[in-house]
Amino acid sequence: MRRTRAIPAILLITSIHCLTAVLLGQSRLDQNALSRIDGMMEGWIAEKKFPGGAVLVSQGDKIQKFSVYGTMDGVDKSVDSDTLYRFYSMTKPVTVAAALVLYERGAFLLDDPIDQLWPEMKKLRVYVSGEGDSMVTKVPDAYPTVRDLMMHTSGFFYAYSDHPAHQALMAVELSEAEISISDVALKIAEVPLLFEPGERWNYGLSQDVLAGLVEHLSGQNFGSFLSDEIFGPLGMDSFGHLSQILDTTSLMTLYTLGENDEFVQMDNDERWIADPRIEWGGSGLIGTAGDYWRFARMLMQGGEFDGKRILSSASVNYMLSNHLSDSQIPYEAPGSPYERFAKGFGFGLGVKVMMNPDLSGNLSSVGESGWSGAASTHFWMIPEHDVVVIFLTQNRAF
């Protein structure tokens, strides 16, 4: 395997191993052990795997370590606590939390089919056979539920193969002037689902459709809903989609790994940065490490942070529990870049959940949960030790 494809996995596995090893059997984090992370980060920067980044570790409500490393631009602009990162798929748990806010207000039940909540979704079809103009589709046996959108069991997908449905999605122009995420969701629904809803897990555009549903049901544009219901109450002052961020001078440059396995700047990998700055539900949020920690800490504290309650503890516990059946585990999708993260894990609502550490191959704890982003961003929560870990850089070589 090329090192360019292994680096993010190595970062995650090594960090978990280092941290969990010092936690086992202890009541608090060991600062000497935590300092080993500095050598790991500095070594990767010296090897030019990425120019810089940040690591934040908390136990309880106390941040035990928040260290920044290297530069934002590969030259001389140092990373600091105000550095902004593209969180890519770490947006997804935020979108699920936003939907759960509406759930708690009685806007829907988790098993409500989305066509009942959003009649325009009745146009959904399921792929059967063929391709192009000869593609055969059918009406779903049952329409995706809100839970399916939260769990990636809806049949929506990311296009990354030569499957005819993937090719059909690639042909759809999702970014047009003055289009909202609810408009995008309806465009996505024009492409047939990859399988019958609830049949299996498949990573994809489910949470972008979920964001459209939030917009449709709330009557607010998605970004404003996030600001009003999550970012504002939690004091996540730096957080939002690009259209909400007034000053992007602190946004770290995006990199990938070149032919010599050293980082190179990417020209453009940001569909959500170009106009019209669509407020995606599955990607697109930017912000600081400290602000994402406030969100993660809210989850660890059962929906409340700094005296502000976002969700009930029951909703959070449900979100952070596995809901895949035995037949759906392991949940990897063949060919998906995420399949290597599935061993030992089940899946909750927007996050993976550790069920069997023996199968994972890592030192982990049952109940550990979190998710990652495509630019090598990771967060995970370890309830057994009341720990939150956030690792951030901006290397797109996934």
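1. Another pairing into strand 14 puts Gly370 with Trp380. Helices (H or I, at least four residues) and strands (E, at least two) are DSSP runs, numbered from the N terminus.

2. Some ground rules before going on. This is a predicted model, where local features need pLDDT of at least 70, side-chain atom pairs count only at pLDDT 80 or more, and totals for chains, interfaces and linings use all residues. Residues are numbered from 1 along each chain as its sequence is written, and side-chain values use heavy atoms, with hydrogens and water left out.

3. Back to those bridges. Strand 13 (residues 369-373) is joined to strand 14 by five bridges, and the two run antiparallel; strands pair here if DSSP finds at least two bridges between them. They form a hairpin with three residues between them, and Ser376 in the turn has a positive phi of about 65°.

4. What about strand 15 (residues 387-392)? Five bridges join it to strand 14, again antiparallel, and His378 stands opposite Phe391. This hairpin has four residues between the strands, with Asp386 at a positive phi near 55°.

5. Zooming out, seven strands make an open sheet in the order 2-1-15-14-13-12-11, with antiparallel pairing. Strand 2 (62-70) and strand 11 (345-347) stand at the edges with a single partner strand each, so one side of each lacks a neighbour in the sheet. Neighbouring strands are turned by 15° against each other on average, direction ignored. Axes are lines fitted to C-alpha atoms, for helices over the stretch in contact (heavy atoms within 4.5 Å), and angles run from 0 to 180 degrees between N-to-C directions.

6. Helix 3 (residues 36-46) lies across strand 1 (52-59), strand 2 and strand 15, at about 20° to strand 2.

7. Two backbone spots to look at. His152, not a glycine, has a positive phi of about 65°; this residue sits in the loop between helix 6 (146-151) and helix 7 (164-170) and counts as buried at 1% relative accessibility. Asp306, also not a glycine, has a positive phi of about 55°. Asp306 is in the loop between strand 9 (304-305) and strand 10 (308-309), but is exposed at 60% relative accessible area.

Terms used:
Buried < 20%, exposed > 50% of the residue type's maximum accessible area, 1.4 Å probe, protein only.
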